[in-house]
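The sequence and the structure are shown first, and the description follows.

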Amino acid sequence: MLVPLLVLLQTVAGATPYWQQRISYDITATLDEPAGMLRGTQRIVYQNHSPDSLSSISFHLYLNAFRRGSRWSDADSAEHRRRFNDLKDPDFGLNGVRDVRIMGVPAIPVYPFAPDSTVVRFALPRLLAPGDSLVAELGWYARPSTTPRRQGRRGRAFDFAQWYPRVVAYDKHGWEEHPLYPAGEFYGDFGDFTVALDVPEDQVIGSTGVPLCGDPGWERANRTPGRAIEYRRDFYPAALAALPAGACAPKAAGRKTIVWRAEDVHHFAMSMRPDYRYEGGHSGDVSVHALYQPGDETTWGGGVAVKRTETMLQWLDGLFGRYPWPQMTNVHRIEGGGTEFPMMMHNGSASQELILHEGGHNYLMGILANNEWKEGFLDEGFTSFQTSWWVETNSAHAADPDSDRYGSIERQILLMDIDGWSEPTSYQSERYRDFLTYNTMIYTRGELFYHQLREIVGPETMREILRVYYARWQLKHVDEEAFRQVAEEVSKRDLSTFFGQWLHGVTRYGWSVGRVQTIKEAGAAGSVQWRTRVEVRRDEPGVFPVEVVVRSKTDSSVRRIEGLAEREWAEFVTVGRPREVVIDPRARGHDWNMLNNRKRRGWLGWAGSAPGSFSIDRVFSTRSYRDRAAREFIPTLWYNDAGGVMLGGRIRSNYLGRFNQVSYQHSVALRDCCDHNGRAADNWSFSLRNPTLLHAPRLSTELSAFHTEGRQGAAVGFERQRLGHLGFGPTTSSGFSVRWMATYDRRYLDPRLYDNAGTVEGVWSIRSAERRGAWLVTGLGSAGLGLEYRNRGGGIDTDDRYDTQGYGRVFAEATARRGLGRRESVGFRVFGGWLEGGGGTDPVRQRWFYLSGADPYQQFANPFVRSRDAILTGDLHFQTPGGGDVRGLERSVAVTRLVAANGEWEHAFVRRPKARLFREARLAAFGDVAVSNGFFSYNGGGRVAGDAGLGLRFTHTIGQTTFVTRFDVPFWVSHPDQAIGGAPSDGRMRFRWTIGVGPTF
């Protein structure tokens, strides 16, 4: 009984071997240049190699994506892109069919995704049985859009990337009907194409396939006339022999006909323009054609594009296997970027990496024909990986650590993974949160998948995987299962966990060094050696093999562990006494926190030692590393009237530029240097942002404490960014903080800004930013409750008497900016604030709203303005944005209720994009107005204040920082006695000025 059952199971299993459909296209097409339209007919022979009887057949009409009402346009609208939604006739793209006959019977079109019409379906007059074939005949028309995207037209230039009615692929999952979206690309069945193209006789054409007859215009456009053009007309001898007489005879005066032939391809593309320049070459027995535009003579011409295309073919032949087609055409298309097609690349530049990437698609899409919209990582991620591999192997900068492509993308993806922005790399293209997430997950995280696979199996085994995969599956449909089977077979490893975690989830990885044991023992020939046992802890769910190294002063021992167990012991032998243990020394394990990956041996035994580097702080740049902390020191110097010269230093550190951001600053007031009470050296501040122990996705935390320049305090706070979209929509964060600040030395306090008191305040805040059309709109809101206390001195019953009062403080602001052409912009801001004491009196002055700018607590972080008569106070008139932003007023004008509005217009009159200092200079005109509950003024009621004037803004870039220096001249101020340097006798019009860093709002 068992044997017949096994035979039956084998029979059933063997009854459905791999199969793929086959199609023959016979197309005639005529270009109507004035209308931008290609019209024609096509006859297809469709062979059903599947085990299914088919009741319908479907076609893609891709150009209908580039018009209003398509799924593509709807996706654009959802992501705030205005492209094809607004095109009017005759600018939008279109595709249509007419006079359709299938099996000799007229057929009625059905659009299953209406109003999207990128897929059309026809019912068959009868079932198409397995092994049977059908003939379909149809007329069609195609017009690219004037806004290019993977296709396009401009004047007499045409990129026909998707133009003929293309049969939808039918595979083991059925008909793969899929509308065209911005995310994802193409999928089709293999077949043979004969395309007879009727165009004006001066057009120069690049295409899939070879010209069996007719003139593609290459001779006239040839820029290397001494080199014979390789037409390869005889590559398909049967098709050439079957050409009827006169097949390429002109259809009319001033026109020409070219008949193209391509076999074993699943798409046919072409590009044409009369002023194309042509250059040719070859790689082995593959002919290379490069067609470039006028003006490309140095960037494409002179053999540049040809040579780079040859380099691409040589690299990919060596990596995968022999290219099966006769030619590769590389054209400079209308659009930037690039798109791939069998035997053809539409490129926006001739960069080597772009050619490698788009040419790579001829292997990883054209030959290994994956479903690009369903499993894009098999295409985009794969070819991004092979491009990076070429750079690693061949680039002049391959050994430069600053050009570490793996390190760059691994760090980018790590931060997205741990903050919850990543989505599984195996998602279907349009199911991603947004287009930018799709791009990052498919291209970049997809590339990282192959880097990690190579790390697991080793470079040589990886090469063998690619060669076997290519040999087994070329000119067939592939999927994840096909690739994994080959990878497991060649590597002799079970890769199911790796594929599952990397492709179908977003898994966190992390290891740490546990216990370490060392034993001194006898070695060979009477020598001494050290045996070290290391406990490797897997702290996160991710399973990945990692290296562990034990180092002594004279040698080291390395071993790779599989990382399957949560606790795993590894044993090492070294000649020298071990001094250090490191997990993943090359940073290949995607470990989110490598600070616990090392232990060192000290006087008291083995202890954790977070790796780090120390350097001089570059101020405008922040060093950060993947595998260690960055620590930087800089001496500090500033001045205020109370302490005199403040001399000190700052040390700061971070991990990954994001975590464990520690800053400690200490300063000495030289004016108090002889004070025996220790006041001179008690100025310090400390902050810790985003400790790894408190990490949660998109959460920022901060702990701080300070005792400096007459104020002391502490704060704790957190803020969490909402999970929104990448590239569009609002970026919104909300949080809560508690802050205590108290005064202890009046000498440092400006009494116009501070009362001698303390506050404890809890604040909830929300902030958001969004680009809406041409406008960048931001908003900030804050609501807080506080308790103030003032030391009134000795009382009757106590040595110290405190007055306390609760208060509430609420404010909100909104800004909007937009460009006006290339050089001008406008901006607007509104602000409102309300401060109310709970005891019937006004709260302490440091919590008031200041008409001229930021309040004292907001300015406290800046040592150049925080204390009485600091460097940037007084005659320098430094303005810190905030509050009412009526910049012409004295910094001490404050109120408890405020509504303000600000407006600016800017014009860039100098632009030097390559400069670092003064990259841009802009002239500004501004006006500010504020309405309050009143302030002191000799010039009438102090409720409404305003100013107006002109200013200059200069943009600079130093290191990683781009910043603005600002010089404003508020000529007119409503209350001159409260203006900068004002007096009761001043008039409203007068020369006044302020300086600032950063925009006013």
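Glu568 belongs to strand E29, which covers residues 567–574; strands (E, at least two residues) and helices (H or I, at least four) are DSSP runs, numbered from the N terminus. The model is a predicted one, in which local features need pLDDT of at least 70 and side-chain atom pairs count only at pLDDT 80 or more, while totals for chains, interfaces and linings use all residues. Residues are numbered from 1 along each chain as its sequence is written, and side-chain values use heavy atoms, with hydrogens and water left out.

Glu568 is buried, its relative accessible area being 19%. Buried means under 20% relative accessible area, exposed over 50%, and partly exposed in between (1.4 Å probe, protein chains only). Leaving aside residues up to four places away in sequence, Glu568 touches Val534, Glu535, Val536, Ile561, Glu562 and Gly563; contact means heavy atoms within 4.5 Å. Tyr187 is 381 residues from Glu568 along the chain, and their C-alpha atoms are separated by 45 Å.

The protein as a whole holds 13 helices and 51 strands. Of its 1001 residues, 55% are buried. Its C-alpha trace spans about 115 × 90 × 65 Å along the principal axes. Among contacts with a separation of 6 or more, 65% are between residues 24 or more positions apart.

Helix H5 (residues 304–319) has 16 residues. Buried residues of H5 include Thr311, Trp315, Leu316 and Leu319. H5 packs against helix H7 (residues 380–394) at an angle of about 100 degrees, with the axes 11 Å apart. H5 is therefore roughly perpendicular to H7, a term for angles of 65 to 115 degrees. In this contact, Thr311, Trp315, Leu316 and Leu319 of H5 meet Gln386, Trp389, Trp390, Thr393 and Asn394 of H7. Axes are lines fitted to C-alpha atoms, for helices over the stretch in contact, and angles run from 0 to 180 degrees between N-to-C directions. Just after H5, Gly321 has a positive phi of about 160 degrees.

In helix H12 (residues 496–504), Phe498, Phe499, Gln501, Trp502 and Leu503 are buried. Their cover includes helix H9 (435–457) and helix H11 (480–491).

| Charged residue | Ring | Distance from ring centre |
|---|---|---|
| Arg143 | Phe92 | 4.9 Å |
| Arg887 | Phe926 | 4.0 Å |

Key:
Expected span 1.5 Å × (residues − 1). Lys NZ or Arg CZ within 6 Å of the ring centre and 35° of its normal. Parallel < 35°, antiparallel > 145°, perpendicular 65-115°, else oblique.
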